[in-house]
Amino acid sequence: RSDRGHWNASLAEVRQRVQSKHFELRALRQALAWLERWAAPGTALPPAERLTLTTARLALDNHLGGVDQGRVLQALDLIHRLHDEAPREACEALLRITVATTNVFEFGVMQETIVQWLAEPVAVPGLLNHAKLHSTLGQIAAFQGEAAAALPHFERAIATFQRLSDPDQAAREIAQTRSYRLIAAMDAPVLWTDALESELMTHFAALL
């Protein structure tokens, strides 16, 4: 509580682990509880720090399959306020909210907002988030039975992930997005090709 720099560094570590998917749910829950317990007493967190903490909480909720409507509304307000000040963090929160809405089968609620963010220059949300926006649009289309519209977004996402400077992170994101693409293609037999069948077998071989 008396060392704000240490608290901020711990919050930054949580954000990095959530962003790179390098965490266990139990550890994330404990870390968030620790951050909330030891925040400086009697002072409101600045909006940017509240957004980071809220985004991490949304990530935990999403992995557990829960949706906290109050937290979602709080995050939407912070995204609006911090769009120009902290666009990457705002975009991360938006992606978490979109997962939350799909968890309750409201697939298209955030679609228009995702499209608006994709219209921004790539540097605004950052390369990683730009790719995730495409992947998210692909998932929204696939959930609504529009595989033909989903596949191009997955392909754009994979091509963008390939530009990441961290090869391990790129490989993780590409593998996950290829899974989404293969599932969408299997739901639309008319789109299935020999190339996709070969990719499916390669994917299973890598997993096994």
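Reply: The protein carries 20 positive side chains and 24 negative ones, and the centres of the two sets lie 7 Å apart. Here Lys and Arg count as positive and Asp and Glu as negative, with His and the chain ends not counted; each charge is placed at NZ of Lys, CZ of Arg, CG of Asp or CD of Glu. This is a predicted model, in which local features need pLDDT of at least 70 and side-chain atom pairs count only at pLDDT 80 or more, while totals for chains, interfaces and linings use all residues. Residues are numbered from 1 along each chain as its sequence is written, and side-chain values use heavy atoms, leaving out hydrogens and water.

The fold comprises 10 helices and zero strands (DSSP runs, H or I of at least four residues for helices and E of at least two for strands, numbered from the N terminus). Of its 208 residues, 42% are buried, meaning under 20% relative accessible area with a 1.4 Å probe, protein chains only.

The largest nonpolar core has 22 residues, and Leu51, Ile79, Leu94, Ile97, Ile114, Trp117 and Leu133 have the most contacts inside it. Such a core joins buried Ala, Val, Leu, Ile, Met, Phe, Trp, Tyr and Cys residues through side-chain atoms within 4.5 Å. Helix 3 (47–64), helix 4 (69–82), helix 5 (87–103), helix 6 (111–118) and helix 7 (127–143) each supply at least two of its residues, and helix 5 gives the largest share, seven residues.

Beyond four places in sequence, Trp117 touches His83, Pro87, Ala90, Cys91, Leu94, Val124, Pro125 and Leu133 (heavy atoms within 4.5 Å). A second, separate core of 12 residues includes Val14, Leu32, Ala39 and Leu53.

How values were computed: Buried < 20%, exposed > 50% of the residue type's maximum accessible area, 1.4 Å probe, protein only.
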